[in-house]
Amino acid sequence: MHKSVWAAIMKVRGKLAARKGCQDMRILIADDDRELVDMLTYWLRAHGHQVFVAFDGEQTMKRWREQAPDLVLLDIQMPKYDGFEVVRRMRGESNAMVIVLTCCDREDDEVRALELGADDFLRKPFRPRQLLARIQAAARRAVSISSPMNGSSITIGPISLDVSRHEVSRNGTQMRLTPIESRLLHLLLTHAGQVLTTDTIIERVWGYNEVGDSGLVKTHIRHLRQKVEPDPGSPRYVLTVPGVGYTFSPQVSAESHA
């Protein structure tokens, strides 16, 4: 893996300077594979990003609290405590963006990390350009989250979303959302009654234009249902359209006034 990653980095290094200054971010790389960390650090700094590194779970939390990075690239398999515990602790303190790095044959790790609150995942071995696409998408989300258009609220029936506060209420009961959950619900509400494909959701919510993993959307939909549905096992509002995608039922408005 490392040889292929380094070869890809060397192949594009002549083009890196032209990309500096484009949504520069403070990035924490947390992985006990020091060779991989060194390569990614070189590459990301060449793109103009500020990079911090950590090699175990304890050090990751220390660096994260000290440096307040915009984005964390987090390996699951780390000593002292693993990436799952790191995500759990981070989510107890903030909504920082987290992309987990997983092994290609560990889909259960991906699901568990997303359930704990990670925003996205990338499977090893990955190409540097794949990682860059994820980082650029994260930067666009960060700009979108802080933009004036996100200061509005939207209400359909008993469901009300405060976009700027990342809060949803159902019949007056408030629940906190992660930024990804907030973007996902906003997309569904503003397209109520329309069926959105998985690829459309990935493009609009996560911000990258490649074919996505349906499990990424499915896991976040499940989390969203736990916060907006009276019975998440039998959803009334956020509905699955088999083989296509998801929709927010416009019938919720009529039901709320029944």
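This report walks through some helix contacts, ring neighbours and backbone details in one structure. Keep in mind that you're looking at a predicted model.

The table lists the pairs with their axis distances and angles.

| Helix pair | Axis distance | Angle |
|---|---|---|
| H3 (residues 57-67) and H4 (residues 83-91) | within 9 Å | roughly 25° |
| H4 and H5 (residues 107-116) | within 9 Å | roughly 15° |
| H7 (residues 179-190) and H8 (residues 198-206) | 9 Å | about 125° |

**H3 with H4**

Take the pair H3 and H4, whose axes cross at roughly 25°. Angles under 35 degrees count as roughly parallel, so H3 is roughly parallel to H4. If you look at the handedness, H3 passes H4 in a right-handed crossing. Who's actually touching here? On the H3 side you'll find Gly57, Thr60, Met61 and Trp64, and they meet Val86, Arg89 and Met90 of H4. Sorted by class, this contact has 4 nonpolar, 2 polar and 1 charged residues.

**H4 with H5**

H4 also has H5 as a partner, and their axes cross at roughly 15°. That angle makes H4 roughly parallel to H5. The way H4 passes H5 is again a right-handed crossing. H4 brings Phe84, Val87, Arg88 and Arg91 to the contact, while H5 brings Asp109, Arg112, Ala113 and Leu116. Split by class, the contact of H4 with H5 comes out as 4 nonpolar, no polar and 4 charged residues.

**Charges over rings**

Some of those names turn up again when you look at the aromatic rings. Which ring does the charged end of Arg112 sit over? It's the ring of Phe84, with the charged end 4.0 Å from the ring centre. Phe84 of H4 and Arg112 of H5 are also both part of the contact between these helices. Arg89, which belongs to the H4 side of the contact with H3, has its charged end over the ring of Tyr81, 4.2 Å from the centre.

**H7 with H8**

H7 passes H8 in a right-handed crossing. From H7, the contact uses Ile180, Arg183, Leu184 and Leu187, and from H8 it uses Ile201, Arg204, Val205 and Trp206. By class, the residues of the contact of H7 with H8 divide into 6 nonpolar, no polar and 2 charged.

**Two backbone details in loops**

Now for the backbone. Where does Lys80 sit? You'll find Lys80 in the loop between strand E3 (71-75) and H4. Its phi is near 75°, which is a positive value in a residue other than glycine.

The other spot is the peptide bond between Lys124 and Pro125, which is cis, with omega about -5°. Pro125 lies in the loop between strand E5 (120-124) and helix H6 (128-146).

Technical notes
Residues are numbered from 1 along each chain as its sequence is written. This is a predicted model: local features need pLDDT of at least 70, side-chain atom pairs count only at pLDDT 80 or more; totals for chains, interfaces and linings use all residues. Side-chain values use heavy atoms; hydrogens and water are left out. Axes are lines fitted to C-alpha atoms, for helices over the stretch in contact, and angles run from 0 to 180 degrees between N-to-C directions. Helices (H or I, at least four residues) and strands (E, at least two) are DSSP runs, numbered from the N terminus. Angles under 35 degrees count as roughly parallel, over 145 as roughly antiparallel, 65 to 115 as roughly perpendicular and the rest as oblique. A crossing is left-handed if the near helix is turned anticlockwise from the far one by less than a right angle, and right-handed if clockwise. Contact means heavy atoms within 4.5 Å. Ala, Val, Leu, Ile, Met, Phe, Trp, Tyr, Cys and Pro count as nonpolar, Asp, Glu, Lys and Arg as charged, and the others, Gly among them, as polar. A charge sits over a ring if NZ of Lys or CZ of Arg is within 6 Å of the ring centre and within 35 degrees of the ring normal.
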